[in-house]
Amino acid sequence: MTAIETQGAAAKTAANKLMTCTAKKKNDALHFISKALVSKMDLILTANKQDVENAKKDGKSEAFIDRLTLNPERINAIAESVQDVAAQSDPVGRVDKMEKRPNGLMIGRKTVPLGVIAIIYESRPNVTVDAAVLCLKAGNAVILRSGKEAFNSSNALTEIMRKAITKAGLSEDSISLIQNTDRSSVDELLCLTDYIDVLIPRGGAGLISHVTENSKIPVIETGIGVCHVYVEKTADLEMAASIIFNAKCRRVSVCNTAETLLVDRAVAKEFLPMAKKLLDTKNTELRGCAETQKILGSSVIKATDDDYYAEFLDYILAVKVVENIDEAIDHITKYGSKHSEAIITGSYDEANKFLDKVDAAAVYVNASTAFTDGGEFGLGAEIGISTQKMHARGPMGLEQLTSSKFIIYGDGHIRQ
């Protein structure tokens, strides 16, 4: 067996034990993880420092470095999120719809773990912890495959968690990290059908498309975030400017960041200078349509079709002036990634039209797309944000990491 096959087999064995693990034991394991992350903070920061230094040497962007960087505040926040997951109800073992059928059988549906989940992700070491604790709480074993840029951080975090959960009597193989960061390790994971039940890619468009196109294992696809903020003509313009600034500039490196601003023609001349004044404080580059250029001047770069499709993850914002809500929705339908979309409006009817017609995992009225996050939605940590229309859509928490099985009680029943 290869090293990855050996890890897969060990994870499968651990998953079989986790399937019937008590909620108390799982919660104890999470509490031990949370404490260990804080007590071993120096070790984590040392490993992360090496990753950050390597990324800087490789000329990675400021946004990339931000995604990669850990500091005491972020580590404490990660540890707190582990406690939040522990505090949630155990999703496993719930039985609903138990009813007696005309044939005399009592039939119900029970939630069960998915089994072994493999998570393939790139440059965000916090995903190492988020993925591990969510999978563990839902009774799943997890195989982590970090990008090479975050490997030192991810490896340190994984080893800390593996040791921590043994204090609760759980197998350290419930959590494991692939040690090979070559692309070949991803391709091998995609074929490990004997051991892995579900695969979740979390990263850029290239990684996600490669996994979905080549995996022999069922995939829950987390999508890129080409998110829009649309300013409708009845909007409170000061509120709208505050929202687009937050949606774009709060943290440009994450997938809920707004990448395109759409503005009704009726308010464009008044609103665009207001928005630009705020965006300029973060040196945000604007790429706009001809009308945007006419209003704001030569500082605006002419937008291309590719710009409207782009997930910049940087201080870059595409801008387009539209005639009305119908044109805005048409634009979002064409260019959006079905992640998070927002309308800023004073009209109840237009708000409901936007909610009804925009197809996305999260649709906002008068609020920033930055709220699309597991913690903000009451899920604690998140495994990712799904843009599919399967059982998992939007921020994925514990419920989305379970499946179900029918349980049937009889009394000597035979079918004629």
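Trainee: What should I know before I start?

Mentor: The model is predicted, so local features need pLDDT of at least 70 and side-chain atom pairs count only at pLDDT 80 or more, while totals for chains, interfaces and linings use all residues. Residues are numbered from 1 along each chain as its sequence is written, and side-chain values use heavy atoms, with hydrogens and water left out.

Trainee: Which residues touch the most other members of the largest nonpolar core?

Mentor: In soluble globular proteins, nonpolar side chains tend to be buried together. A nonpolar core is a set of buried Ala, Val, Leu, Ile, Met, Phe, Trp, Tyr and Cys residues joined through side-chain atoms within 4.5 Å; buried means under 20% relative accessible area, exposed over 50%, and partly exposed in between, with a 1.4 Å probe and protein chains only. Here the largest core has 70 residues, and Ile-33, Leu-37, Ile-119, Ile-200 and Ile-383 touch the most other members. Helix H6 (residues 126-137) gives the most to this core, with 8 residues. Helices (H or I, at least four residues) and strands (E, at least two) are DSSP runs, numbered from the N terminus.

Trainee: Is Ala-29 buried or exposed?

Mentor: Ala-29 counts as buried because its relative accessibility is 0%. Ala-29 lies in helix H2 (residues 23-39). Leaving aside neighbours within four places in sequence, Ala-29 is in contact (heavy atoms within 4.5 Å) with Leu-136, Ile-165, Ala-168 and Leu-170. Ala-29 and Ile-165 are 136 residues apart in sequence, yet 4.7 Å apart in space, C-alpha to C-alpha.

Trainee: What is the volume of the largest pocket?

Mentor: Rolling a probe the size of a water molecule over the atoms shows where empty space is left. On a 1 Å grid over the protein atoms alone, a cavity is a set of points where a 1.4 Å probe fits but cannot get out, and a pocket is an open set with protein on both sides within 12 Å along at least five of seven lines; lining residues have an atom within 4 Å of a point. Grid points are joined across faces, edges and corners, and a volume is the space filled by probe spheres set on the points. The largest pocket here has about 900 Å³. Of its 32 lining residues, Arg-124, Asn-126, Arg-250, Arg-251 and Asp-373 are the closest to its centre. Helix H5 (72-87) supplies the largest share of that lining, 7 residues.

Trainee: How many cavities of 30 Å³ or more are there?

Mentor: The count is 1, and H11 gives the largest share of its lining, 4 residues.
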